[in-house]
Amino acid sequence: MRHTTFIMTALAAVLLTGTAHAADHQVKMLNKGKQGVMVFEPSLIKAAPGDTVTFVPTDKGHDAASIDGMIPSGAQPFKGEISKPVTITLRKEGVYGVKCVPHYGMGMVALIVAGKPVNLEQAKAVKHPGKAKKVFAELLSSVPAGK
């Protein structure tokens, strides 16, 4: 009987810790940060499928939204409200491009890599306005290809 109780307790601990590994990554929406003006900080987030990412409006006037063509196949697009936090759950493995809608052309973008970057080439093919083009070129070049 003791042996069975021990096994059941150990099994329950393993099952519970399996769900406790998801992390929440905090990203600040800033007027000015280490990389300049109108930035997400950090702008490159490495995560695991199942993790969440919370975009925090540290400075007012920003939002966070997915970019068409820069989310994994089957992932849900998202768009937060101006000056409100938004949390997304990374249910699919791959690359997620994020923009602040009002400051997209000023380069206020971020890149999330959840697990393997299975849609990296698709994400690289997306066209961006203004400074966002340069920022994404830098972010995407730092992601190793691999499926």
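A salt bridge is taken here as a side-chain nitrogen of Lys or Arg within 4 Å of a carboxyl oxygen of Asp or Glu. The structure is a predicted model, in which local features need pLDDT of at least 70 and side-chain atom pairs count only at pLDDT 80 or more, whereas totals for chains, interfaces and linings use all residues. Residues are numbered from 1 along each chain as its sequence is written, and side-chain values use heavy atoms, with hydrogens and water left out.

The predictor's confidence in each residue is given by pLDDT, on a scale from 0 to 100. The mean pLDDT of the protein is 89, and 85% of the residues reach 70 or more. Where pLDDT is low, the predicted coordinates should not be read in detail.

The secondary structure comprises three helices and eight strands, where helices (H or I, at least four residues) and strands (E, at least two) are DSSP runs numbered from the N terminus. The order of the elements from the N terminus is α-β-β-β-β-β-β-β-β-α-α. Among the contacts with a separation of 6 or more, 66% join residues 24 or more positions apart. Of the 147 residues, 39% count as buried; buried means under 20% relative accessible area, exposed over 50%, and partly exposed in between (1.4 Å probe, protein chains only).

Three salt bridges are found by the stated rule. In one of them, the closest N and O atoms of Asp63 and Lys79 are 3.2 Å apart. This pair links distant parts of the chain, 16 residues apart: Asp63 is in the loop between β4 (52–56) and β5 (65–66), and Lys79 in the loop between β5 and β6 (86–89). Asp63 is buried, at a relative accessible area of 1%, whereas Lys79 is exposed, at 56%.

A further salt bridge joins Lys124 and Glu121, at 3.9 Å from N to O. These residues are three apart in helix α2 (residues 120–124), so about one helical turn separates them. Lys124 is partly exposed at 40% relative accessibility, and Glu121 is exposed at 54%. In helix α3 (residues 130–141), Glu138 and Lys134 lie four residues apart, about one turn of the helix. Their salt bridge has its closest N and O atoms 3.5 Å apart. Glu138 is partly exposed, with a relative accessible area of 46%, and Lys134 is exposed, with 54%.

The largest pocket has a volume of about 220 Å³. Of its 14 lining residues, the closest to the centre are Gln35, Val39, Ser43, Val135 and Glu138. Helix α3 supplies the largest share of this lining, five residues. Eight residues of the lining are nonpolar, three polar and three charged; Ala, Val, Leu, Ile, Met, Phe, Trp, Tyr, Cys and Pro count as nonpolar, Asp, Glu, Lys and Arg as charged, and the others, Gly among them, as polar.

The second largest pocket has a volume of about 160 Å³. Residues lining the second largest pocket include Gly74, Phe78, Ile88, Arg91 and Tyr96.

Note on methods
On a 1 Å grid over the protein atoms alone, a cavity is a set of points where a 1.4 Å probe fits but cannot get out, and a pocket is an open set with protein on both sides within 12 Å along at least five of seven lines; lining residues have an atom within 4 Å of a point. Grid points are joined across faces, edges and corners, and a volume is the space filled by probe spheres set on the points. Contact means heavy atoms within 4.5 Å.
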